[in-house]
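Open your viewer and load the model. This tour goes stop by stop: select, look, move on.

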Amino acid sequence: MISLLISFAVLLVGYLIYSRVAEKIFAPDGRKTPAIAIHDGVDCVPMKPWKAFLVQLLNIAGTGPIFGALMGAVFGPVVFLWIVFGSILGGAVHDYMSGMISSRHNGASIAELSGTYLGKAAKWVMRIFSVVLLVLCGTVFVTSPAGLLDKLTPDWMNGTFWAVVILVYYLLATLLPIDQLIGKLYPVFGVLLIVMAAAVMGGILFSGGKFTIPEISLRNLHPEGVPVWPYMFITVACGAISGFHATQSPMIAKCIRSEKEGRAIFYGAMISESVIALAWAAAGVAFYGTTGLLNEALANGASNVVYEISTSVLGVVGGALAVAGVIVCPITSGDTAFRSARLILAEVFHLEQKSIRNRLLLTIPLLAVGGLLTWFAIVNDNGFQTIWRYFSWSNQTLAMIALWVSTAYLLKKGKYRFGSLLTAFPAAFMTAVSLTYILMAKEGLQLDQTVSYAVGAGAAVILFALYAAILLQRKQRSRSRANRSN
């Protein structure tokens with residue numbers, strides 16, 4: 001338990017110190033944000049900071065910091081280290097830079113920013129990659145709450161019934177101006193999400209010795225011997241670092257009133273999500289006692305695990321609160337996933353979004369694809385797990401690209417020393433994670449582990465060396481220009 005309390009404290013210190021480092025490097029100023037400069041009443045709408053924070057938290061949270069953290073806990077308490085340091089050094093930096101760079105480009109998506117800083121080819125790759133990720137994300141965030149609602153309601157309200165209800169809600173949330181539905185409901189749901197995680201953690205900590213939270217260890221405790229590298233780093237995405245957030249941050253970048261609000265909203269929301277992930281990871285390993293029992297429980301569905309932990313630890317009333325939070329949480333990320341996909345397609349086809357007709361032209365096909373994938377997940381026994389694995393890998397690959405985009409931005413802005421290392425180091429790290437996984441995983445090429453490790457590490461070293469060469473070259477050019485001007 002001491003390790004867990006220290007982990008919470010490190011997250012707090014990380015926010016207080018490292019977020020200011022990121023802010024200083026980005027250097028926010030007094031320029032007008034999209035909410036002020038291009039106010040359109042639909043997507044670019046000013047929000048109060050506290051509301052923008054809660055909306056951002058709900059946008060990025062979903063089932064990721066809950067289901068992902070529980071699945072990551074199967075590796076043992078080593079997962080605490082990844083959640084804490086992955087968030088402070090990678091995830092929160094990723095979210096802050098994605099949001100702030102987008103704000104300086106009129107709320108442009110990560111796909112458009114990729115084109116600006118990495119070239120036209122990267123823009124088209126990211127357009128396709130982002131939309132695929134968002135549809136997968138929306139599907140994950142339909143099937144998981146529908147599965148849990150299926151268990152809590154009469155037989156005629158089965159998973160298919162709830163999936164349809166959720167998709168209808170997604171249609172409204174994707175079409176309506178952001179301040180009419182999302183802006184009104186999300187602050188309430190954000191508070192529910194925080195209270196739910198705190199209640200579950202409190203029930204574990206103050207159980208009178210019934211549950212024991214193990215101390216941090218570097219041992220791999222996965223009962224099936226699945227290696228920590230890179231599987232744990234893919235499994236726990238949203239609680240540590242997640243490319244999905246790069247698709248969500250531009251949405252709130254359209255709503256912040258000042259660049260100086262960005263640190264608390266973007267960096268702060270990611271740290272808050274990590275607190276939630278840490279709470280659920282600890283609850284998983286403490287409640288079941290061994291990673292083997294946790295793994296067996298997860299085989300019956302992550303929704304079942306959440307339901308069992310919540311009702312057992314908190315009783316009927318507390319359990320109902322926790323389960324409600326787990327239902328609301330993914331739904332409030334799924335709707336913004338489809339909304340973000342709509343905005344990316346609007347950029348591709350140059351369709352203004354004030355018109356309800358234009359919004360319908362993009363939204364209906366997206367939800368139709370999401371509905372088909374949801375049907376696949378419901379009728380197939382391993383459908384959800386299959387979609388989750390592809391979603392997780394796509395998630396981390398997008399995070400890698402977003403961090404390289406941020407690095408290119410900082411280089412262009414003349415951050416030739418520590419500044420660009422802020423994003424270059426985690427970008428190289430995520431390059432190794434993402435490539436190694438797809439080379440060796442059964443969803444990928446299924447190559448030999450040693451070969452996969454070598455290729456993944458080699459790719460990270462090559463890209464970091466290329467970054468270092470560009471850094472040195474631009475630094476020398478900057479010095480030459482300074483000398484000529486003198």
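A charge counts as sitting over a ring if NZ of Lys or CZ of Arg is within 6 Å of the ring centre and within 35 degrees of the ring normal. Select Trp 124 and Arg 127: Arg 127 lies over the face of Trp 124, at 4.5 Å from the ring centre.

Before going on, note that this is a predicted model, where local features need pLDDT of at least 70 and side-chain atom pairs count only at pLDDT 80 or more, while totals for chains, interfaces and linings use all residues. Residues are numbered from 1 along each chain as its sequence is written, and side-chain values use heavy atoms, with hydrogens and water left out.

**Stop: aromatic pairs**

Rings of Phe, Tyr and Trp (its six-membered ring) pair if their centres lie within 6.5 Å; planes under 30 degrees apart count as stacked, over 60 as edge-to-face and the rest as tilted. The structure holds 15 aromatic pairs. Select Trp 82 and Phe 233. Their ring centres are 4.7 Å apart and their planes at 65°, so the pair is edge-to-face. Trp 82 is in helix H5 (residues 78-103) and Phe 233 in helix H10, 151 residues apart, so this pair links distant parts of the chain. Helices here are DSSP runs (H or I, at least four residues), as strands are (E, at least two), numbered from the N terminus.

Trp 82 counts as buried, at 8% relative accessibility. Phe 233 counts as buried too, at 12%.

Trp 82 and Phe 429 form a tilted pair, 5.9 Å centre to centre with 35° between the planes. Phe 429 belongs to helix H17 (residues 418-440), and 347 residues separate it from Trp 82. At 30% relative accessibility, Phe 429 counts as partly exposed.

Now select Phe 26, Tyr 96, Tyr 117 and Tyr 409. These four form one aromatic cluster.

**Stop: helix H10**

Colour residues 228-235. Helix H10 is mostly covered, with 7 of its 8 residues buried. The buried residues are Val 228, Pro 230, Tyr 231, Met 232, Phe 233, Ile 234 and Thr 235.

Select Ser 19, in helix H1 (residues 2-26). Ser 19 counts as buried, at 1% relative accessibility. Contact means heavy atoms within 4.5 Å. Leaving out residues up to four places away in sequence, Ser 19 touches Gly 14, Arg 263 and Tyr 267. Draw a C-alpha to C-alpha distance from Ser 19 to Tyr 96: 8.6 Å in space, against 77 residues in sequence.

Jump to Ser 114, in helix H6 (residues 110-118). At 0% relative accessibility, Ser 114 counts as buried.

**Last stop: the second largest pocket**

On a 1 Å grid over the protein atoms alone, a pocket is an open set of points where a 1.4 Å probe fits, with protein on both sides within 12 Å along at least five of seven lines; lining residues have an atom within 4 Å of a point. About 380 Å³ of space lies in the second largest pocket. Of its 22 lining residues, the closest to the centre are Asn 106, Gly 107, Lys 254, Leu 343 and Glu 347. Select those five.

Key: Grid points are joined across faces, edges and corners, and a volume is the space filled by probe spheres set on the points. Buried means under 20% relative accessible area, exposed over 50%, partly exposed in between (1.4 Å probe, protein chains only).
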